[in-house]
Amino acid sequence: MPTALQLTQFIRFAMASLTERNSHHEFEALCLAVARRRIASNLLPATGPVSSGGDQGRDAESFRTYLPQEIGPASAFTRLATDETIVLACTIQRTDVPAKIRADVSSICSQGTLVDRIAYFTVQPVPVAKRHALQGKALTNHKVSLDIFDSEWLAQELAEPDLFYLAEAYLQVPAELAPAVAANEASLPDWYVQTRARWHGRVEYTGSLAEFGDLRSALRHATFDGEAIADLPDWLDYATKMLNTADPILVKPRLRYEIGVATLRGTGDMRTADRHVRDFFSSILPTSEDLGLLHDASVLLMYSKGAWSGHHTDIEFEELRSWNQLIKERVGEMLAANPLPNRRAHLHDLAASLSMQIKAADQPDNFRQELDSTGTTSPPRFTPDTNTVAINPNHVQVIDLDDAMAHLQSLCDLLPDAPLFPIERVADIFALLSPLLTDHPAYNQVREALDEATERVEGGAARAKKCQARAIQFLRVDRPLEALAEIHVMKVSTWNGDTLSGALHAMLLASKIYSELNLHLAAKQHCLAASAAASASRKPELMHFIPAGLLRAADCDFLSGSWLSAAALAEHAFEVQALFVDDPWDTDLHRDFAAVVSNHCMMLSASRQTHPQYVEFLQDIHTRTGLNTLVDPIINSTQVPENGKQDWISIAAANGCGRPFNDSGPIRSYQWSALGTTWSVSCANEKSTVMACERFVAAAQALMAELAPMDPLLLPTDIDVYITVSTQPDEPRQIPDNEASRWEIQLSASPSEFDSDPQGHLSELTIPLASILMTESVLPHERFAALLQACFQQGLGHKLVAGRPYDELAGILDDALYEQLAEFDGTSLLEVSEFHAQPHPQLAFPSHPGPGYSQEGAANDVRHRYEKLIPSARYTLSRLASSDAFRATVSTLRTEGWLDWHILLAVNNIIGNRRLTWEGIISPPTSRNESTRITEIMLRPEMKEDPQLPETSFGVNDLKDWLAFSAVATLRTLGLEYHRDTPNTTAIFAFLGARYAYWVTDVPHDERVLPR
């Protein structure tokens, strides 16, 4: 349900559409109806049409009534009746409105009865200064009081529950936007009790709009309020009886809509209202031009589909399909008429809503769950409760994603020309369905346009709320990367003094998402930034963020494997917790505190079992803080399994954590995995170097999260980095290695020049990271550089550096602690088996097809290989076919997953390279012509007179070496590049297998060429 502000904005938008349609009479009738409820009840419409002058400029005027004197203020009519002569005038003119008002006032006062007061209504807002000037002129020149009611006042009044029915009837506002009637503290609100008493026993119905509005408020309350639900049958009975006298155009369709929705939502079954639902659709389709009714039709269609899916209606699916098609056709016809921007925007919104209705994923439109043996079925999983249920793309999908996004794009294109379009409802639906829409190419464009419109109308805080809503939906369906992108926008949108609390919430939420992605130092940087920003604000209401950020940082250290540092940082956090929050040790109230307590229990248990040297360190902290009063009882009452060092390491790895106690000993290390790369970053265990190292790791992790949706085509490899500090850092240095990617990186000891040169600080992080990742990506350099540029355009800078330099945020612990940790013996941990960090599923090595891959294209490439490879080794293959040794080689390779063309390629590489030697070609080609000649030599058909190589040249290891020789060339055929001087062929083949089906693509061929 929209807020009062959002509903008011929607009504203003609808009034603006009156001008586009030149709807004088609708606006005149609307103003008269509002005036009777808010100004004077004894008003009559003028007899002349507004556009002809026959009404003397008067659209309505008061008549004399004696009822107030006779019966007193016993009814709404007598309470609002006036003994003044009041004239109502109105205009939908948008330009030079003050001149129009002056002319109409003059016309009204120059003829007819004398006038005491003029109530003037206009769809165009009139500034206060001009309003006062017009009122002064009217009083001076005509001795008449002038009240001007513009669209803002009208919209506010029409948004009230008692007048909303007028907005629905005259402005085509959808019924679903009807405001709730405010309740008091009683179980049943007074207004409802009074309305129920007024309707009890009613036998006569006028069928008017006013009567409908009165009934609808109570009907909706009974439908959705548990205390009033018992009255629902009575209200449905009243509504059904009212149909007999209801206005067939303005009231009857809306009444049928309310009956259908109330029956389904209130009773859980729609069968008793099926005929009313059918009558609703047949009465408005296919000719209605009422946008409000067409929108109600889309809503009722959605409800009806949900009822059909759950076997709660006898309406057939073909009827639902027909109604959906008729609505779409009607909207299409209205769009084809090229209406003005406001109306066109509304039509695109309606068309998008129809296409965004949901159905079961990977099922036909008419799929529904069958009834079980009892004749009942649970609610369909694809009818979501928007408050509690995630809309999971694994379960549901929108009916027509491309059409929905096309209409949303068209709507967004219209927003600059339709500034009053009520963007809130569209943005809310977009946020709700974001998990179903996010993979569409137009998603980012539509999201940005909706956010900009929201911010333009309601401010940055409103934009932030939309980001948060989308993030929550993404988190519900385990899409943390998408949620993280939304939270970063939320952070930027609220990063100012008035809304800083929202930014701090966003930073803590970003921290939690980074941790969920197993990127624990990026998480640590953001929660420390939240703590520092709260402290710098000096606002008492933000002080609780200080301990919250520190406790989260301690948890991040624990998750990254820096268990001793986590314990020390937690000690500092406990002190701050006691200063700024109530009941600081209440683990039920403070989740982050509870997590840290749990961490300390695990650290102490692990130390006692496998690393006794750390027990005293931890117990001293527990004693100083009093944490032992919580930790000791938990450990003593819990039966902790006996685990060895390897067990604790395996537990940590399985949960996405770093190696336990990796911060002890002279060398500190950090491990994590993302997109197929497994990182190990190490440094000397002294404070300035550790700060630089963590600064680098935090930035690397943030960058990997940013690159993940862009598919940087990284090879699955180990990246080992050793960090040192220097006052004059050298360029990154790569150490040659055919397996891991090894680097030595120098960084500044402390970024003291951050305030004067923030870009330089950022560059010091991005240059080495770009060097490493560009080397490990098989994208051409210019394409990878374009990815980085796109990342920066999306705000990478404020993700790599969260407000302040990392060293400043994290430099809480003193130098002595680092010296103490360095003195511990950390070698016992390294003696245990190799540690394998686990990535989050969204950061796992991608397995979807790589750029340019198609199954047909891959098969054609393999077919071409067979055509070229068999002739170029035909005599060697014939000779090898009788070799037992070669038979054994082929058998071994086939058990390892080699296909025939892999074996043929390796054999040809051996033969071809020996041919080059015979031809005297021993150096790499220096021109395209030389390269072409080499290829021709290697692939030419084999001749009988060619020298024959011995069988020993074709052993298992020989073939493996020579297939590896082709790995880089295979990348080149795909438009990719390899950038290391020392090829890691294991990584290349793993990449080709996962992204280009290298190990599974085969085609029919002559199988006799190789022994079976």
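Of the 1012 residues in the chain, 53% are buried. The model is predicted. Among contacts between residues at least 6 apart in sequence, 73% join residues at least 24 apart.

**Helix 8**

Select residues 164-171, which form helix 8. Eight of its eight residues are buried: F164, Y165, L166, A167, E168, A169, Y170 and L171. Then step to Q172, which follows helix 8 and has a positive phi, near 60 degrees.

Next select I284, in helix 13 (residues 274-284). Is I284 buried or exposed? Its relative accessibility is 3%, under the 20% limit, so I284 counts as buried. Show its contacts, leaving aside neighbours within four places in sequence: these are P253, L293 and A297. A297 is 13 residues from I284 along the chain, and the C-alpha atoms of the two are separated by 8.6 Å.

Move on to L285 and P286, which are joined by a cis peptide bond with omega of about 5 degrees. P286 is found in the loop between helix 13 and helix 14.

**Two loop residues with positive phi**

Select D583, in the loop between helix 26 (563-580) and helix 27 (591-610). Phi of D583 is near 45 degrees, a positive value in a residue other than glycine. D583 has a relative accessible area of 51% and is exposed.

Now select L713, in the loop between helix 31 (687-707) and strand 10 (718-725). L713 is also a residue other than glycine with a positive phi, near 55 degrees. At 1% relative accessibility, L713 counts as buried.

**The second largest pocket**

Go to S966, A969, T970, R972 and T973. Of the 39 residues that line the second largest pocket, these are the closest to its centre. The pocket holds about 1400 Å³ of space.

Which helices each supply at least two residues of this lining? They are helix 38 (855-872), helix 41 (900-918), helix 42 (928-939), helix 44 (967-973) and helix 45 (985-996). Colour helix 38 separately: with eight residues, helix 38 gives the most to the lining. By residue type, the lining divides into 21 nonpolar, 14 polar and four charged residues.

**Helix 42**

Finish on helix 42, one of the helices that supply the pocket lining. Its 12 residues should span 16 Å at 1.5 Å a residue, and its end C-alpha atoms are 17 Å apart, which agrees. Select I934, I937 and M938, the buried residues of helix 42. Look down the helix axis: these buried residues fall within an arc of 95 degrees, so they line one face of helix 42. Helix 38 and helix 41 are included in what covers them. On the other side of helix 42, select R928, N929 and E936, which are exposed.

Key
Residues numbered from 1 in each chain as written. Predicted model: local features only at pLDDT ≥ 70, side-chain atom pairs only at ≥ 80, totals over all residues. Heavy atoms only, no water. 1 Å grid on protein atoms, 1.4 Å probe; cavity = no way out; pocket = protein on both sides within 12 Å on 5 of 7 lines; lining within 4 Å. Points joined across faces, edges and corners; volume = space filled by probe spheres on them. Helix = DSSP H or I, 4+ residues; strand = E, 2+ residues; numbered from the N terminus. Nonpolar A, V, L, I, M, F, W, Y, C, P; charged D, E, K, R; others polar. Expected span 1.5 Å × (residues − 1). Buried < 20%, exposed > 50% of the residue type's maximum accessible area, 1.4 Å probe, protein only. Arc of directions from axis to C-beta. Contact = heavy atoms within 4.5 Å.
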